[in-house]
Amino acid sequence: MIRSRFKNLSIETKLQFINMATTGFALGLVLVFLTLHELWYQRETLLENLMADGRMIASNASAAVLFQDRDEATEILSALQASPAVTRAVIYLPDHKPFASYARDANLAAPAEGAVVTTHPPSLFPSALEFWQDIQVRDEKIGDLLIEADPHDLYRTLPRYLSIIAFSASIALLLAFLVLQRLKTAITAPLLNLTDLMRKVSRHKDYSLRSEVHSSDEVGSLAHCFNDMLEQIQHRDRSLREELSERRRAEEHLDRLAYYDTVTGLPNRHYFNERLAHIIGGANSFAERTALMFIDLDNFKIINDTLGHAVGDLLLQDVGGRLKALLRSGDYIFRIGGDEFAVILEKVEHPEDCMAVAEKIIQAFSTCFTLDQHQIFVGASIGISFCPDDATEAGTLLKNADTAMYSAKERGKNTFQFFQPEMKGRALNRLTLENNLRRALERSEFVLYYQPQFDLESGRITGMEALLRWSHPELGTVSPSEFIPIAEDSGLIVPLGEWVLRTACAQAAIWQAECAVPFVLGVNISGRQFKDDTVAEKVLQIVLETGMDPRLLELELTESTLMDGSGANMRKLMRLRAMGIRFSIDDFGTGYSSMSYLKRFPIATLKIDRSFIDGIPDNPEDVAITTAIIAVGKSLNLELLAEGVETREQAEYLRNNGCRHIQGNYFSKPLPANEASLLLLVSNGKPAVAETSATIS
Ligand code: C2E
Ligand code: MG
Ligand code: MG
């Protein structure tokens with residue numbers, strides 16, 4: 001209890017207590033020691049006096065004892081009256097019988113004759129002090145002298161002595177207390193300073209604080225240790241902070257990577273999914289209309305393939321920038337795929353409001369992008385769907401916007417479409433087509449049609465283009481423009497293209513054997529098919545297998561296929577060209593036309609796309625483009641063939657402007673092989689379109 005109470009006292013009080021206790025104890029010891037010493041000293045002095053008296057009396061009384069003069073002996077003893085401390089003196093004869101005696105107090109009885117005096121037992125405070133002295137005559141003992149003294153006078157002086165010492169000790173204790181009072185701050189002040197500092201450190205977490213070290217004693221080394229500890233904590237705190245901010249930076253970076261697209265800096269698909277689900281999942285989402293715009297760049301792949309990925313990335317960045325610039329702050333924009341962007345507009349009152357945004361986006365694409373010194377025009381196809389009108393679930397809403405975007409693409413690109421429920425059927429159709437397409441080759445559902453190409457000068461058939469047809473037992477005849485893109489996406493185009501080439505070559509070999517006048521066989525080769533590393537070997541193998549004259553085979557490639565920057569294309573082209581195979585550029589004018597590659601690649605023919613032929617001779621733009629293509633072809637010494645000629649005016653215009661070769665429904669639609677054979681047979685050597693030719697000429 002006392003111990004625990006002592007423990008809880010302040011160091012200052014403890015110090016005071018310990019010091020006062022030890023000082024008090026020391027003073028007490030001194031007091032006891034001095035008192036005992038005084039007692040001993042007084043007693044010794046008394047004894048010495050007794051001894052001196054005893055020797056003197058013994059010497060004076062020796063004659064009286066020798067001569068048995070009792071009176072003389074008593075007389076001598078009475079001299080002791082001069083010594084006030086002596087209370088009694090007795091001379092004993094050798095037989096221990098008292099001979100003479102003296103007593104200060106008359107009441108004190110003289111020892112009885114023959115009584116033996118017993119000595120007092122030793123004690124700290126004896127009631128009497130005794131001194132024995134031999135009485136001798138010439139060294140012969142003739143009696144004993146006993147002198148007794150009363151020490152009580154001596155004892156009486158002790159209390160006074162004690163009180164003087166005690167008083168001095170108290171003064172000393174008081175002085176010690178006062179001195180301690182002053183000195184203790186020298187010890188406690190640094191400790192209090194340390195405590196204060198510790199409190200500040202723990203309250204403000206400021207580990208840069210340091211204690212002042214004033215001494216090299218224990219408190220000084222405690223302050224040193226404390227400072228060292230603070231130094232270490234500060235160091236650890238700093239590295240912990242650095243580690244923490246490093247981790248925070250890493251987390252932010254990861255977060256950015258997880259939620260933002262590195263190319264455009266826009267939120268990515270992951271972010272989009274979360275945001276859309278959040279918006280649609282919101283309590284009021286069905287009370288307010290949310291619009292989702294799915295934006296897909298037109299012909300992005302061509303740019304990527306021809307100008308490289310770095311330019312493609314620059315384009316995506318610019319597109320992202322343009323889209324961001326035209327949207328309001330509350331609208332969200334994301335890059336959700338390669339060339340796909342999504343915009344979420346909240347609280348759309350009328351679908352027409354959304355139309356204005358879509359038009360603004362289309363408008364934003366009307367100016368060209370300048371990328372790495374290239375001037376590029378890129379369009380955007382936009383599909384729009386609304387929540388809750390078209391879907392109330394994020395996945396379906398996105399699918400619907402995607403379907404609407406496809407519809408916009410089908411409608412000629414660079415436009416927008418609102419989702420319509422009937423579009424779903426078309427999207428489903430695409431899925432069904434893909435599934436059926438996989439089995440169509442095995443089930444021999446494909447057939448080849450052949451569309452003749454004519455020379456307007458001679459009126460003769462100069463070529464046949466093999467065109468693929470798919471007759472599905474339930475779906476009926478499916479157009480290649482519907483299934484070729486699907487076959488390309490799924491990779492099925494490679495075996496399918498091989499089948500086309502083999503079938504067309506086999507057919508052409510038969511025709512060549514029958515026909516007197518040779519003609520060229522045009523076979524479409526898709527970009528994906530030409531990318532195949534073994535395409536050249538496959539073509540050559542098929543040519544060999546079928547017995548086709550390679551000089552009469554013309555492979556139709558698109559601009560985008562040729563523009564794939566890799567040198568592999570050139571090697572394939574040169575390899576096939578070395579065997580005599582020709583190349584034409586299909587749909588010329590619709591792709592990214594860089595004239596330089598016309599010079600580099602071994603191209604024989606430019607096939608002017610039917611979209612330009614369609615507008616001649618009335619549409620001045622189509623006329624201008626067609627005339628320009630013809631001029632380029634002529635200057636590069638290339639053959640020119642116009643596709644999709646449907647009218648007499650078109651044929652006339654082309655002929656007058658130097659395009660000799662044409663292909664189109666005006667002269668002949670694509671025909672099944674047997675009908676094409678018949679046409680060839682009929683026109684064998686003769687002008688097949690003599691009448692028309694004559695009319696034109
Ligand atoms: P293309 O190679 O440009 O073929 C010409 C297309 O124009 C054919 O369409 C043909 O029927 C059509 N056409 C010809 N004359 C006229 C006309 O006067 N008016 C109109 N409106 N159209 C005309 P088709 O057969 O539907 O083929 C479309 C496209 O599908 C082809 O365009 C070609 O790119 C692709 N294709 C067809 N067969 C194959 C094939 O075996 N392999 C590959 N890779 N693609 C093919
Ligand atoms: Mg073609
Ligand atoms: Mg074409």
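A: R610 places a polar side-chain atom 3.3 Å from an oxygen atom of ligand 1, a polar contact being a pair of N or O atoms within 3.5 Å. This is a predicted model, where local features need pLDDT of at least 70 and side-chain atom pairs count only at pLDDT 80 or more, while totals for chains, interfaces and linings use all residues. Residues are numbered from 1 along each chain as written, chains are lettered from A and ligands numbered from 1 in the order written, and side-chain values use heavy atoms, without hydrogens and water.

In the side chain of E646, an N or O atom is 2.5 Å from a nitrogen atom of ligand 1. The protein covers 84% of the 780 Å² of accessible area that ligand 1 has on its own (Shrake-Rupley method, 1.4 Å probe). Around ligand 1 there are 21 residues, of which R469, N524, D586, E646 and N665 come nearest; a residue counts as near if one of its heavy atoms lies within 4 Å. Strand 13 gives the largest share of this shell, four residues (strands are DSSP runs of E, at least two residues, numbered from the N terminus).

D587 also has a side-chain N or O atom, 3.1 Å from an oxygen atom of ligand 1. Together with D586 and E643, D587 coordinates the magnesium ion (ligand 3), at 2.0 to 2.4 Å; donors are N, O and S atoms within 2.8 Å of the metal (3.2 Å for Na, K and Ca), and water is not among the atoms, so sites may look incomplete. D586 coordinates the magnesium ion (ligand 2) as well, and the two ions are 4.1 Å apart.

Definitions and conventions:
A polar contact is a pair of N or O atoms within 3.5 Å; within protein, one must be able to donate a hydrogen and the other to accept it, and residues adjacent in sequence count only if both atoms are side-chain atoms.
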